[in-house]
Structures are given as C-alpha cells and as structure tokens.
Amino acid sequence: MSDITSGWDVLDSAHEALRRVAGAVPAAAWHLPTPCSAWDVTQVLQHAAGDQIGFAAALTGEPGPAFNPFDPSGELEGDPAAFTEDALARSARAWAGVDRDAAQVPTPVPPHKMSPWSGSTACALDAAVHAWDIAVATGQASPLTPDLARPLLKVAQEIVEPLRAWGAYAAVLEPEQGDDDVAALLRYLGRDPGWTPSS
C-alpha cells in the first residue's frame, strides 16, 4: 500500500502535518482564502480541530467540540498553536486507547462504525487535507506526500460519497496526465492540486 502502513502511522503523519502547517501561519494570513472556498484559514483550522475532537468524542464518550466545526466562526480566542495542539492531543489520546485488533470502532462520520485502520485513517484524512488547504493558502510547502496520500485516498473512497451527497465534499475533478498520488487524492476530494490564492 505505502511505506506508511498502519492507520496509526498515517494518523501520526497527518497530525504532524497539521501541527507544523498551523504553527507556521503568519499573523497576517489567518483570514486569507483557502481551497475550501467558503472558509478562510482560521475557519479551516477550526473545522480541522473540531473534527479531531469529534473523533475523540466518538471513541471515548467525552464531550465533543464546544463549537460547530461545520459553521466555524473565523475568530480564535488565544494562541492558534495551543488550540491546534489541544485538538490533536485529544485525538491522539483517544486513538491510543483503541484495540487495533477490534472488529470495529465508533466514528462520527458514516457509517459510524469502521475498522480501526479505516477509522484512524479517516481521522487522518481530515487533518492532512486541511493541512494542505492551509499550506497552499499561506505559501507553505505542501505537507502531503505520495506515501501519505495513498492510504488517505483508499479511505476517502470508502467514506466520501455519502458525505459528498450532503455537500461536505465538492464533486470529483477529472484526473489529468501526470497526476501523482497527491493530485489523485486532491482531485477525488474536489480540490485543484494547482490551487493558488489567485485561483
């Protein structure tokens, strides 16, 4: 499948991508547009953090996010790095308590029960792709690598279609000659791999 073989390896890589990218956003860039056309950089980070907390809550029964990740305010109170780290830590702690040999684990997204690999990789999908959104919006290098993109595409193909029907993802973009694994993942999620702030 890839050099990143377990769901936990994928999740660790995705968490590190979001942590690194969010920590490098310049102070003046938090309200720049992103590939998520309705949301600016702050809103994308709020959504990504809220989803990590949502996965943690599904696994542990603890409270979910104190805000609606699908209606992010665009205003953060306090330090963005601390906000990000809190969400990632909650997610990591929750997944650390999961039996990797379990038949299924609860998730906040349909079908609401997945194998541990699929669940943890679905959690990683959100973190990694939103890290890409923030990176390209703020002039950073893409955090997505082909090794990371391959398992993310596999889980995306398991879970995205029902969510697309609800408007959570844009329509698939047609592949283009020369696409690599990263471009294939982004196009499957309705994102233009060549997006720029002037797109």
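## Before we start

Since the model is predicted, local features need pLDDT of at least 70 and side-chain atom pairs count only at pLDDT 80 or more, while totals for chains, interfaces and linings use all residues. Numbering starts from 1 along each chain as its sequence is written, and side-chain values use heavy atoms, with hydrogens and water left out.

Helices here are DSSP runs of H or I with at least four residues, strands are runs of E with at least two, and both are numbered from the N terminus.

## The nonpolar core

Let's begin on the inside. The largest nonpolar core has 58 residues. A nonpolar core means a set of buried Ala, Val, Leu, Ile, Met, Phe, Trp, Tyr and Cys residues joined through side-chain atoms within 4.5 Å. Buried is under 20% relative accessible area, exposed is over 50%, and partly exposed is in between, using a 1.4 Å probe and protein chains only. Trp95, Leu125, Leu144, Leu152, Leu185 and Leu189 have the most contacts inside this core. At least two core residues come from each of helix 1 (7–23), helix 2 (41–60), helix 3 (80–96), helix 4 (116–137), helix 5 (146–165) and helix 6 (181–188). Helix 4 gives the most, with 14 residues. In soluble globular proteins, nonpolar side chains tend to be buried together.

Leu189 is a handy one to click on. Not counting residues up to four places away in sequence, Leu189 touches Leu125, Val129, Ala156, Val160, Arg164, Tyr169 and Ala170. Contact, here and below, means heavy atoms within 4.5 Å.

## Helix 2 beside helix 3

Two packed helices are described by the angle between their axes and the distance between the axes. The axes are lines fitted to C-alpha atoms, for helices over the stretch in contact, and the angles run from 0 to 180 degrees between N-to-C directions. Helix 2 and helix 3 pack at about 25 degrees, with their axes 8 Å apart. That makes helix 2 roughly parallel to helix 3; angles under 35 degrees count as roughly parallel, over 145 as roughly antiparallel, 65 to 115 as roughly perpendicular and the rest as oblique.

Who meets whom? On the helix 2 side you'll find Leu45, Gln46, Ala49, Gln52, Ile53, Phe55, Ala56, Leu59 and Thr60, and helix 3 brings Pro80, Phe83, Thr84, Ala87, Leu88, Arg90, Ser91, Ala94 and Trp95. Sorted by class, this contact has twelve nonpolar, five polar and one charged residues. For that sorting, Ala, Val, Leu, Ile, Met, Phe, Trp, Tyr, Cys and Pro count as nonpolar, Asp, Glu, Lys and Arg as charged, and the others, Gly among them, as polar.

## Helix 2 beside helix 4

Helix 2 also packs with helix 4, at an angle of about 170 degrees and with the axes 10 Å apart. This makes helix 2 roughly antiparallel to helix 4. The contact of helix 2 with helix 4 divides into ten nonpolar, four polar and three charged residues.

His130, in helix 4, counts as buried at 7% relative accessibility. Setting aside residues up to four places away in sequence, His130 touches Cys36, Val44, His47, Ala48 and Arg191.

Most residues other than glycine have a negative phi, and most peptide bonds are trans. Now look at the loop between strand 1 (105–106) and strand 2 (113–114), where Pro111 sits. A cis peptide bond joins Pro110 and Pro111, with omega about 5 degrees.

His112 lies in that loop between strand 1 and strand 2 too. Phi of His112 is near 70 degrees, a positive value in a residue other than glycine. His112 is partly exposed, with a relative accessible area of 42%.

## Out on the surface

Ala171 is in the loop between helix 5 and helix 6 and counts as exposed at 54% relative accessibility. Ala171 and Gly190 are 19 residues apart in sequence, yet 5.1 Å apart in space, C-alpha to C-alpha. Leaving aside neighbours within four places in sequence, Ala171 is in contact with Arg164, Arg187 and Gly190.

Gly78, in the loop between helix 2 and helix 3, is exposed, with a relative accessible area of 62%. Lys154 lies in helix 5 and counts as partly exposed at 44% relative accessibility.
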